Structures are given as structure tokens and as C-alpha cells.
Amino acid sequence: MAEHDCPSTSNEKTEDEVPPAKKIKVIADHKKEKLEERLNYILSCTVCLDLPSSVCMQCCHGHLMCVGCYHHLLADGRLKDEQATCPSCRVDITRGSCIRNLAVEKAISELPVQCSFCSGVFSRSNITLHERCECNERVVKCRFKQLGCHWSGPAHELDRHVDSCSHSMKSPTELLQCLNSINSQQQDQAFVTAVEQHPSNPTLSAERGLTYQLLLKSKISEPLEIDILLLRAPYDDVIIEAKPCYTRFTSDITESTLEPLKTRDVNRLLGSKVINIRLFMFQHKR
Ligand SMILES: [Zn+2]
Ligand SMILES: [Zn+2]
Ligand SMILES: [Zn+2]
Ligand SMILES: [Zn+2]
């Protein structure tokens, strides 16, 4: 520190005192790396083998599972009309018998992870903010995208693009045309947000959306009419607009139509490994 900047004042410290500190640091880093790998393995979900990215649940014997797999097990159990069980020890998985493991959640949030844009290393608790708002390499769209500019590129090139963007110099008449076409698009294209415009490179898509569909896994002898309502998952703060959706299953029709997921947090949902959504089904009485 100050001693290195100003060698003439470093006489108080002998040369022998400095190198041991460096050695200790190297050994500590080496150990840390191994520990990280071991922790990655120890703290992984026993179902999907990934590190839980948000809530971590455990069976009553302590086997860890991410909240996505936990709900998946419960849902699978419901769909198959079977008791959900822990994949490791086969003990019953119920909402009452499983608990969160806060210590594991906190330990995971401290583990390092690489930014998918710049390859920088951050703690898991900071990576989302970094990738969404701070990373200079993250893919952003032009500020004038609403006026028709389809440019997207790394954040550090945005200012340079905006300075030369032809859409920033539109005349009032052209602006009015843009607004009119946006209005008509919004009226006609409620479902178009689900279309990937650049399937080969999803990060370049101008518009993104998620659709959902319900598949009937069991066989039915008479038609089954239900209303589906998707809402945000427990412990999740993704905002999903509540919109019930009618579906009629028959012995031939076992797939509901593709419905757009009404949310402004599509990228956030797409960014996480597991999409957690709460699903309500209201069956029509015959
Ligand atoms: Zn899992
Ligand atoms: Zn278990
Ligand atoms: Zn980054
Ligand atoms: Zn532009």
C-alpha cells in the first residue's frame, strides 16, 4: 500500500515481513478455490443438481432441493395422484414437512459466479444486478427502439450509437406515424410478444415473451373444463397479471392452447434457471 508507493519510507518493515503475507494469500486462494468446488457440490439441489438460485428447501432428513424442484415434485405428485417423495431418501414431501434452509441460501449467495457477458466474477447475490444493470458488456437496446430502431449491442456502445441513431432525428410527422403504428400494433398483436424474432440469438430479440400451456397427463373419460390462473410463486416477486384462462380437455384434446404469460418481468423469468409460477385450476362442475 503506502509502503509500495513510497519505497523510501518503508524502512520500518523488513523485506522478510512482506513475502510471507503474499505466500499466505496464495495458499488461502488455492484453498478457497477447492472449497468453492466442494461447496458447489454439497449445496446443490438433489433433484436438478444445480445450486438453488433463490429459496432452498429441505426434506425432514435434510436433503436439499431448490424451490423449483420442490414445487415440481409436489406438482408431479398432484398430477399423478401420488404422494411426492424425496428423491434421496423417499420420505414424504409435503408443504408441512419441508422447511427452508436459510443458512444454505445465504452460503450460496456468497459463492462466486461468472457474468455471462463480461466473464467477471461476482457473488451470486450480486450477479443479477450486475448482469441486468451494471455490466458494460450486457446487451441493451437503443433508447429510440419505440420509434423503430432495432439496434441492440453492448451497453458501452449505446451512447455512441444514440449519437448517430437516425431515429433520434425524426420529424414531428414521422414521430406521429411511429406512434400511430405502435398503437395499431398493440391492438392487433396481443400474442405477438411470444414470437422470437431472432431464434438463433435470443439476446438480440427486440420483443420477448413467454407462453404457457397445460398438458393433461392422465386419461379422462369425459370432458374436463377448467379455468387456469397463473400468479407469482411463493417467495417470488415477479409481477404476473392475473388473467383466468378457460381450457376444455377431452380424451383427444390433452393440450391447452398457448397463452401469453402477462408479465413485464419476462427477462427476469428467462434469466433464472427455473421459472417458478403458482398455478390455480378451477374445475367447472358438470
Ligand atoms: Zn433443483
Ligand atoms: Zn430426503
Ligand atoms: Zn459483466
Ligand atoms: Zn438507434
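Mentor: Start with a definition: four donors count as tetrahedral if all angles between them lie between 85 and 135 degrees. Keep in mind that this is a predicted model.

Trainee: OK. What geometry does the site of the zinc ion (ligand 2) have, then?

Mentor: The site of the zinc ion (ligand 2) is tetrahedral, with angles of 104 to 116° among its four donor atoms.

Trainee: Which protein atoms are the donors there?

Mentor: They are C59 (SG), H63 (ND1), C86 (SG) and C89 (SG), at 2.1 to 2.3 Å from the zinc ion (ligand 2). Along the chain, these donors have the spacing C-x3-H-x22-C-x2-C.

Trainee: And C86, buried or exposed?

Mentor: Buried, because its relative accessible area is 0%. C89 has 27%, so C89 is partly exposed. The cut-off for buried is under 20%.

Trainee: What about the zinc ion (ligand 4), which donors does that one have?

Mentor: C142 (SG), C149 (SG), H161 (NE2) and C165 (SG) are its protein donors, lying 2.0 to 2.3 Å away. Their spacing reads C-x6-C-x11-H-x3-C. C142 and C165 link distant parts of the chain, 23 residues apart. C142 sits in the loop between β6 (139–141) and β7 (152–154), and C165 in the loop between α6 (158–164) and α7 (172–188).

Trainee: Why is the arrangement around the zinc ion (ligand 4) called tetrahedral?

Mentor: Because the four donor atoms subtend angles of 101 to 114°.

Trainee: And are C142 and C165 buried or exposed?

Mentor: C142 counts as buried because its relative accessibility is 2%. C165 is buried too, with a relative accessible area of 2%.

Trainee: Switching to strands. What is the order of the sheet with β9 in it?

Mentor: The order is β10-β9-β12, an open sheet of three strands with antiparallel pairing. β10 (245–249) and β12 (277–283) are the edge strands, each pairing on one side only. Neighbouring strands in this sheet are turned by 30° against each other on average, ignoring direction.

Trainee: How many bridges join β9 to β12?

Mentor: Seven, with β9 covering residues 224–232 and the two strands antiparallel. L230 stands opposite L279 in β12.

Trainee: And the sheet with β1, what order does that have?

Mentor: β2-β1-β3, an open sheet of three strands with antiparallel pairing. Its edge strands are β2 (64–66) and β3 (99–100). Three bridges join β1 (residues 56–58) to β2, and M57 stands opposite M65 in β2.

Terms used. Residues numbered from 1 in each chain as written. Chains lettered and ligands numbered in written order. Predicted model: local features only at pLDDT ≥ 70, side-chain atom pairs only at ≥ 80, totals over all residues. Heavy atoms only, no water. Donors = N, O, S within 2.8 Å, 3.2 Å for Na, K, Ca; no water. Tetrahedral: all angles 85-135°; square planar, octahedral: opposite > 155°, others 65-115°. Helix = DSSP H or I, 4+ residues; strand = E, 2+ residues; numbered from the N terminus. Buried < 20%, exposed > 50% of the residue type's maximum accessible area, 1.4 Å probe, protein only. Pairing = 2+ DSSP bridges. Axes fitted to C-alpha atoms, helices over the stretch in contact; angles between N-to-C directions.
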